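Here is a short note for someone opening this structure for the first time. Please keep the view open and follow the points in order.

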Amino acid sequence: MAPTPVRQTCLPALALALAAVVVFVTSGRSTHNGGLVGFPVFTKSAATTRSAFMPAQMARSPCMSGAGRVSALMLSKAANVFASKPSLMRVRSEVAAALPETPEMELPDPEPSAAGQAGVDYQVGDTVLSKFSEDGLWYHTEIREVISPGQTYLVYYSDYGNEEERDVADMKPDDGSGEVFEYVEPKIGEIYDGEVVGVRPFGIFVNFGAERDGMVHISQIAPWRIEDPGDLVSAGDPVRVKLLDIRDDGKLQLTMKGLNPDMKAPQGQDTGNMPEEGTVHEGKVVSIRPFGAFVSFGFSRDGLVHVSQMADYHVSDPEDVLAVGDKVKVLVKSVEPSGRIALTLKGEGLGVLEFSNE
C-alpha cells in the first residue's frame with residue numbers, strides 16, 4: 001500500500017517549524033510555555049516582531065499525518081536539544097573567566113656582547129671594559145682619547161696604570177665584571193722583574209706589579225755615567241730592579257745597577273772603577289741643581305758636591321759659587337753601597353781651580 005502523502009495544508013506549518021529551529025539555533029535561547037519546550041516563530045508584522053509559541057504537541061495536529069508527523073517530531077526533538085545547550089559565545093566567556101590570570105614575563109635585558117659593540121661612539125672620560133693585550137682578559141679602563149670615532153680609542157687601565165690603543169671590538173660597557181689586578185707587596189731589598197713605563201731626563205719609571213710604579217734615578221740605572229736615560233732604555237723594555245727604599249710619601253726608589261747584564265756601556269766608558277774615600281781628585285762641574293753640583297772626575301759615576309759642602313760659609317744658591325764647566329779639586333767624602341759618591345770642596349787646597357768661560 002502506498003504511503004499516505006503529507007497534506008498540502010500542512011506544508012506551510014512544516015516550513016514554518018523548520019525556520020523556527022534555525023532561528024533558535026542561532027539565538028541560543030530556550031523558551032518555556034507551561035512547562036513544554038517550544039520554539040519561536042515570528043508574526044506577520046515586521047515592525048512589532050514578537051515570539052509566538054508552537055507546542056511540541058503540534059506533531060499530533062490533525063493536519064499532520066505520515067511523514068509530516070514524523071518530521072514534526074524530529075524538529076521538536078532538535079529544538080529540545082539546542083534549547084538545553086548554552087551559546088558558543090557564553091561557553092567561551094565562562095571558560096576564559098575560569099582560567100587563572102597569567103602574569104606577564106619580564107625578559108632580562110640583553111647582556112653586551114663579549115666581542116664588543118661595533119659602531120658604539122664612546123667619549124673621552126667614559127669607563128668601559130677593555131681586553132688587555134697581554135692576557136686577553138677584560139679590565140676596567142677609561143677613555144683617554146678618541147682616535148677614530150666608533151672604531152679606535154686610547155684607553156687607560158686604571159688598575160694597571162698604562163695606556164693602550166683598543167679597537168671597539170675589544171671594548172664593551174663596564175658592567176662591573178672586569179678583572180682586578182693583584183698587586184705585589186713591595187719589600188725593601190727584593191728583586192723584581194718589571195717593565196719600563198716612562199722615561200724622563202732624571203730617570204725612568206718601572207712597573208713591577210706594585211700598586212704604584214717605582215722610579216730608577218738616572219744615577220741608579222747603570223754603574224757608569226749616563227747623560228740621557230733614553231740612550232739605554234725605552235718604554236716597554238723589560239728590566240730587572242731592586243727596591244732600595246719606600247719613602248714616607250709612598251714613593252718607591254729602585255736600582256737597576258748590576259741586574260741587567262744585557263745593558264752595555266758606550267764604547268770607552270769606564271764601567272767598574274770607583275774612587276776610594278779620602279782621596280783628592282780634579283774634575284769638571286757637569287750640572288748644577290738647587291741642592292748641589294755634580295762633578296765628573298774620571299770614574300764610572302759623577303760625584304755630588306752638596307750645597308753645604310761648597311764653602312766654609314753658608315751658601316743659598318750653588319750658582320753663586322760654581323758654574324757648569326768650572327774645573328775643581330774635590331775630596332771624596334764617602335762612597336755608598338748604592339754607588340752614590342759624596343764630594344766636598346771644603347778643605348785646604350780644595351775649590352775652584354779654573355772658572356769656566358761658558
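1. Contact, as used below, means heavy atoms within 4.5 Å. The model is predicted. Leaving aside neighbours within four places in sequence, Val 241 is in contact with Glu 190, Ile 191, Tyr 192, Val 206, Phe 208, Val 216, Leu 254, Thr 255, Met 256 and Leu 259.

2. Where does Val 241 sit in the pairing of strands? It stands in β12, opposite Tyr 192. Strand β9 covers residues 191–200, and strand β12 covers residues 238–246. The two pair in the antiparallel sense, over five bridges.

3. Now step back to the barrel. Five strands close into it, in the order β9-β10-β11-β13-β12. The pairing is mixed. From one strand to the next, the twist averages 50°.

4. Which residues touch the most other members of the largest nonpolar core? They are Ile 204, Val 216, Val 241 and Met 256, in a core of 20 residues. At least two residues of this core come from each of β9, β10 (203–207), β12 and β13 (252–255). Strand β12 gives the largest share, three residues. There is also a second, separate core, of 19 residues. Phe 297, Val 305, Met 310 and Val 330 are included in that second core.

5. Next, the open sheet. It has five strands in the order β7-β6-β5-β4-β8, with antiparallel pairing. The edges are β7 (162–167) and β8 (171–173). Each has a single partner strand, so one side of each is left without a neighbour in the sheet. The twist here averages 45° from one strand to the next.

6. Strand β6 (residues 152–157) pairs with β7 in the antiparallel sense, over six bridges. Leu 154 has Glu 165 in β7 as its bridge partner.

7. How many salt bridges does a search of the whole structure find? It finds seven. One of them joins Arg 247 and Asp 249, whose closest N and O atoms are 3.3 Å apart. Arg 247 is partly exposed, with a relative accessible area of 37%. Asp 249 is partly exposed as well, with a relative accessible area of 40%. Elsewhere, salt bridges that share partners join Glu 142, Arg 144 and Glu 163 into one network.

8. Glu 142 counts as partly exposed because its relative accessibility is 31%. Arg 144, at 35% relative accessibility, counts as partly exposed too.

9. Arg 166 and Asp 170 make another salt bridge through their side chains, at 4.0 Å, N to O. Is Arg 166 buried or partly exposed? Arg 166 counts as buried, at 13% relative accessibility. The cut-off that decides this is 20%: buried means under 20% relative accessible area. Asp 170 has 23% relative accessibility, so Asp 170 counts as partly exposed.

10. Thr 344 deserves a look. This residue lies in strand β18 (residues 341–344). Thr 344 is buried, with a relative accessible area of 5%. Its side chain makes a polar contact with the side chain of Gln 309, at 2.7 Å. The side chain of Thr 344 also reaches the backbone nitrogen of Lys 346, at 3.0 Å.

11. What else does Thr 344 touch, not counting residues up to four places away in sequence? Besides Gln 309, the residues are Lys 329, Val 330, Leu 331, Lys 333 and Leu 350.

12. Finish at a loop. Asp 302 is found between β15 (292–296) and β16 (303–306). Asp 302 is buried, with a relative accessible area of 15%. Not counting residues up to four places away in sequence, Asp 302 touches Arg 225, Val 286, Phe 294, Val 295, Ser 296, Phe 297 and Ile 341.

Methods
Residues are numbered from 1 along each chain as its sequence is written. This is a predicted model: local features need pLDDT of at least 70, side-chain atom pairs count only at pLDDT 80 or more; totals for chains, interfaces and linings use all residues. Side-chain values use heavy atoms; hydrogens and water are left out. Two strands pair if DSSP finds at least two bridges between them. Helices (H or I, at least four residues) and strands (E, at least two) are DSSP runs, numbered from the N terminus. Axes are lines fitted to C-alpha atoms, for helices over the stretch in contact, and angles run from 0 to 180 degrees between N-to-C directions. Buried means under 20% relative accessible area, exposed over 50%, partly exposed in between (1.4 Å probe, protein chains only). A polar contact is a pair of N or O atoms within 3.5 Å; within protein, one must be able to donate a hydrogen and the other to accept it, and residues adjacent in sequence count only if both atoms are side-chain atoms. A nonpolar core is a set of buried Ala, Val, Leu, Ile, Met, Phe, Trp, Tyr and Cys residues joined through side-chain atoms within 4.5 Å.
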